[in-house]
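Dear colleague,

I am passing on the structure below, and would be grateful if you could look through it with the notes that follow.

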Amino acid sequence: MPDVVRFPDSFLWGAATSAHQIEGSVRADGAAASIWDRFSHTPGSTTNGDTGDVACDHYRRSAQDVGLMRDLGLNAYRFSVAWARVLPEGRGAVNQAGLGFYDRLVDQLLAAGIQPALTLYHWDLPAALDDQGGWLNREIASWFADYASVMVQALGDRVGMWTTLNEPWVVADGGYLFGKLAPGHRNRFEAPIVSHNLLRAHGAGMQAIRAAGGKQAGLVVNLEPKHPATDRPEDVAATQRADAYMNRQYLDPVFFGQYPEELPDIYGDAWPTFPAADFDLIRQPLDFLGINYYTRSVVRDDPAAWPVRAARVTQPQHAYTLTDWEVYPPALTDVLSWVHSRYGRVPLYVTENGAAFYDAPAAIDGRVDDPLRVHYLREHLRAIQVAMQQGVDVRGYFAWSLLDNFEWSAGYAKRFGLIHVNFITQERTPKASAGFYAEVIRTRGATLSR
Ligand code: BGC
């Protein structure tokens with residue numbers, strides 16, 4: 001256990017959400033459909049047929065939700081913009097009413113002393129752009145850059161932290177390779193093209209943010225350390241492949257201007273040749289890197305597990321969350337120091353970390369006790385302290401998530417919130433974990449050592 005260490009006064013204490021997971025009112029005030037509207041309304045795509053139509057009704061309750069953030073003591077809030085609210089066609093005419101929602105939200109946050117951290121793309125591509133090929137179309141880099149410019153011109157005077165993309169790996173793997181997420185494609189030839197266009201859009205977006213005068217700009221990736229199940233050479237090689245596919249596929253091009261050498265082997269004949277000049281666009285210096293960390297995976301060689309030929313080995317000695325993720329806090333320390341040593345001195349934020357455990361659909365006597373989530377948060381915050389003691393430059397932490405919300409294809413069945421949402425009444429109830437987190441914030445982490 002670390003000594004009593006207080007986090008620096010400048011540390012950002014946040015919570016994170018994303019537009020489609022909380023807002024609802026998906027077609028209000030001139031907003032157009034996204035790929036998630038289409039996907040969730042396709043029978044068989046989500047648990048119970050759940051959709052984001054209402055979600056947490058945050059579009060109409062943002063003032064109340066900002067009040068809850070203030071009560072928690074947050075000094076930062078990470079949210080995303082629904083691209084199709086602002087640009088219903090994905091490009092071209094701006095829908096001022098849609099933009100107005102984010103304009104008001106930013107003002108509400110600032111009035112509550114909370115810094116807005118804005119993500120431009122958290123998976124809800126305008127359906128109009130999907131009709132033109134979406135992430136498969138090389139033009140998307142300029143569509144995304146234009147969208148970034150619109151947002152920075154509107155909010156750049158008040159938003160200090162801009163993220164281009166949330167988790168490009170999930171977009172490609174979930175949306176285009178395995179089809180569990182929108183737009184639901186299952187095509188091994190598409191996945192590397194999508195990844196590459198995501199990276200190009202990221203690069204063009206960074207340039208656009210800076211050209212429009214945006215302040216800090218960066219990328220958010222989800223990293224999952226891969227540990228070999230045994231020291232057999234086959235398992236060690238499988239672990240390397242899994243790491244290249246999930247962790248280095250995006251960071252190596254951004255920091256080094258090239259893909260990991262394992263990728264052509266992983267994708268086989270689906271691996272394209274990319275124009276060399278693309279890497280100049282992709283390799284834009286970052287002001288910060290956001291890391292979403294939930295779990296690690298222990299890996300063994302499995303020739304049948306396409307495309308990486310690696311399988312996850314369950315660790316029965318450890319707890320698992322409802323999403324079947326092993327609870328393993330030490331790997332958060334490891335991943336932060338790995339990024340620090342491999343990619344250099346870029347400031348880091350933990351932009352998502354949290355867990356789905358069973359919470360009843362309604363609060364009982366006004367309370368929601370979630371001791372497993374309290375334990376999860378405590379141990380992961382301690383893991384960050386350890387990394388910081390080792391010299392890693394971690395500048396903030398955003399719990400996933402502020403509210404129970406629409407957990408993509410798992411619908412409303414998986415609750416990640418610090419604040420419970422009764423999806424029938426929309427009543428909000430801070431869970432015990434919210435109280436715990438508020439105390440950590442109030443003491444700047446000193447309470448973690450007790
Ligand atoms: C995503 C969130 C999601 C969370 C839990 C992250 O990959 O950014 O949108 O809800 O994981 O699955």
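Helices (H or I, at least four residues) and strands (E, at least two) are taken here as DSSP runs and numbered from the N terminus. This is a predicted model, in which local features need pLDDT of at least 70 and side-chain atom pairs count only at pLDDT 80 or more, while totals for chains, interfaces and linings use all residues. Residues are numbered from 1 along each chain as its sequence is written, and side-chain values use heavy atoms, with hydrogens and water left out.

On the backbone, Ala55, which lies in the loop between α2 (35-40) and α3 (58-72), has a positive phi near 50° although the residue is not a glycine. Two cis peptide bonds may also deserve a look. One joins Trp306 and Pro307, with omega about 5°, and Pro307 belongs to the loop between β8 (297-301) and β9 (310-312). The other runs from Trp400 to Ser401, with omega near 10°, and Ser401 is placed in the loop between β11 (394-400) and β12 (419-421).

For the side chain of Glu167 the corresponding distance from a ligand oxygen is 2.5 Å, and for that of Trp408 it is 2.8 Å. Taken alone the ligand exposes 310 Å², of which the protein buries 94%; these areas come from the Shrake-Rupley method with a 1.4 Å probe, and for residues only the protein chains shown count as cover.

As for the whole, the protein comes to 15 helices and 13 strands. Its C-alpha atoms fill a box of roughly 55 × 55 × 45 Å along the principal axes. The radius of gyration is 21 Å, which agrees with a compact globule, because one of 450 residues would have a value near 22 Å (taken over C-alpha atoms, the rule being 2.2 Å times the number of residues to the power 0.38).

How values were computed:
Polar contact = N/O pair within 3.5 Å; in protein donor to acceptor, adjacent residues only side chain to side chain.
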